[in-house]
Amino acid sequence: MAKTRPKVLSIVLAGGEGKRLMPLTMDRAKPAVPFGGTYRLIDFVLSNLANSGLTQIAVLTQYKSHSLDRHISITWRMSTMLGSYVTPVPAQQRLGPRWYQGSADAIYQSLNLINDQSPDYVVVFGADNIYRMDVDAMLQYHIDSGLGCTVAGIRVPRKDASAFGIIDAGQDHKITQFLEKPADPPGLPDAPDESFASMGNYIFSREALVQALHDDAHSADSRHDMGGDVIPRFVNAADAQVYDFRDNEVPGNTEKDADYWRDVGTIDAYHDAHMDLVSVEPEFNLYNPDWPIWTMQEQAPGAKFVMRGSCDDTLVSAGCIISGTDIYRTVLGPRARIERWARVDESIVMNNVTIGSNATVHRAILDKNVIVPDGAQVGVDHDHDRARGFTVSPGGVTVVGKGITVPY
Ligand code: ADQ
């Protein structure tokens, strides 16, 4: 007899625009933004769910979702024999010809998924963060509480906390107050420089979620947002608790990456997270075989180095050809080609980029299919970068959009 487990439907919210990642989100949804050479952001949450044994997953998409849909359909095909699936669900326009108003509306318009499957619990996770998490441990915690809603929480520096939902909880972990993106976030009693933030990851008991979504949909002053409207509803009904991410144990995690959770929603945060990946002892270890991050690796031959040069602290994907160059602290995506005497440092180079001989690329992000001609420079003179139409982040990272041939 098969072991009976509670029925769980996982919903991944993947409709975010990611405006602050422009131009990387010019023609792709934020969860489809490439990460770490071979991954896309959404692979992290999907790997966490799949590794936790939660393999019935609906991904709610909306904004520029073509490359996201394609990635999910090609990469995340699971065995239907055991009832496993990852399915992209585009905006349903079930309630008339309009797109989702907010993340709660996205789930409300997709209630048929919940009604059809009739799960005991619904896992609702964001799609844009980099972390490892055993979601089954959070599920057990939720089930044991008997409450309607559990929110995953993590300590963040108070100076950054106004970007998050901020939680105040009692000793029993019951949430007493939830402030969505407050201007002046409160510190913690034992650490005034830190605040307790929602990770945007929730688990609900089905009836409680369906009721809350109905109530929210009929509330005139709601923005139909999970963090802004639905979670406060549970808190007001004393029906929400927090799950402390520090209590989550993932096989193979080191002490260093145990607390790692990053929102890579800005160019500088995205660049920083990559610079961590290439450091000798990164905070986030991609090489943990006990909790793999799954993706589809492009079929390509091994990376090849020709002629003498140097390539240090650099992550090199398959299919790259590197000839006698000087590369330092860089992530090279598949099939990048770097020609003689080029210099590349602290950069993120995506699929099929060509960097010509004698070119210089410094603290830059080159999106797919960019060509840097022989002797051209990127990231060396920011005024010149801006004059050529490139984005320069507040932290001084130059971004060249997809398919551009860099002018001199
Ligand atoms: P934000 O990330 O700012 O804050 P939001 O922009 O709603 O909130 O994005 C949350 C997730 O929902 C993302 O994965 C995004 O792609 C997706 N999403 C947004 N709008 C959507 C829509 N209309 N349809 C489908 N998916 C959509 C949230 C919480 C905070 C919490 C942070 C943690 O609101 O309380 O602290 O996440 O990062």
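I began with D385, which forms a salt bridge with R388, and I noted 2.7 Å between the closest N and O atoms. I then looked up the accessibility of both partners and found that D385 is buried and that R388 is buried too. Salt bridges with shared partners also join K30, D128 and D263 into one network. I keep in mind throughout that this is a predicted model.

For the whole structure I noted a total of 19 salt bridges. Among them is the pair of D136 and R5, whose closest N and O atoms are 3.8 Å apart. I wrote down where the two partners sit, since the pair links distant parts of the chain: D136 belongs to helix α5 (residues 135-145), whereas R5 is in the segment before β1 (8-13), and 131 residues separate them. D136 has a relative accessibility of 21% and therefore counts as partly exposed, and R5, at 46%, counts as partly exposed as well.

I next turned to E346, which forms a salt bridge with R329, again with 3.8 Å between the closest N and O atoms. Because E346 lies in strand β19 (residues 343-349) and R329 in strand β17 (residues 326-332), this pair ties together parts that are 17 residues apart in sequence. For R329 I noted a relative accessible area of 17%, so this arginine is buried.

Nonpolar cores came next.

Which residues have the most contacts inside the largest nonpolar core? I found V12, I42, L46, V59 and M133 in that position, within a core of 38 residues. I then went through the elements that each supply at least two residues of this core, and these are β1, α1 (42-51), β4 (56-60), α2 (66-75), β6 (121-126), α5, β8 (149-157) and β11 (194-205). The largest share, 5 residues, comes from α1.

How many cavities of 30 Å³ or more does a search of the whole structure find? The search gave me 1, and I noted about 50 Å³ of space in the largest cavity. I wrote out its lining as P34, F35, G36, G37, Y270, H274, V331, G333, I348, V349, M350 and N351. At least two lining residues each are supplied by β2 (34-35), α8 (267-277) and β19.

My last entry concerns S323, which I placed in strand β16 (residues 321-323).

Is S323 buried or exposed? I found a relative accessibility of 9%, and because buried means under 20% relative accessible area, S323 counts as buried. Apart from its neighbours within four places in sequence, S323 is in contact with V306, M307, I338, E339, R340 and W341.

Conventions
Residues numbered from 1 in each chain as written. Predicted model: local features only at pLDDT ≥ 70, side-chain atom pairs only at ≥ 80, totals over all residues. Heavy atoms only, no water. Helix = DSSP H or I, 4+ residues; strand = E, 2+ residues; numbered from the N terminus. Buried < 20%, exposed > 50% of the residue type's maximum accessible area, 1.4 Å probe, protein only. Contact = heavy atoms within 4.5 Å. Salt bridge = Lys/Arg side-chain N within 4 Å of Asp/Glu carboxyl O. Core = buried A, V, L, I, M, F, W, Y, C linked by side-chain atoms within 4.5 Å. 1 Å grid on protein atoms, 1.4 Å probe; cavity = no way out; pocket = protein on both sides within 12 Å on 5 of 7 lines; lining within 4 Å. Points joined across faces, edges and corners; volume = space filled by probe spheres on them.
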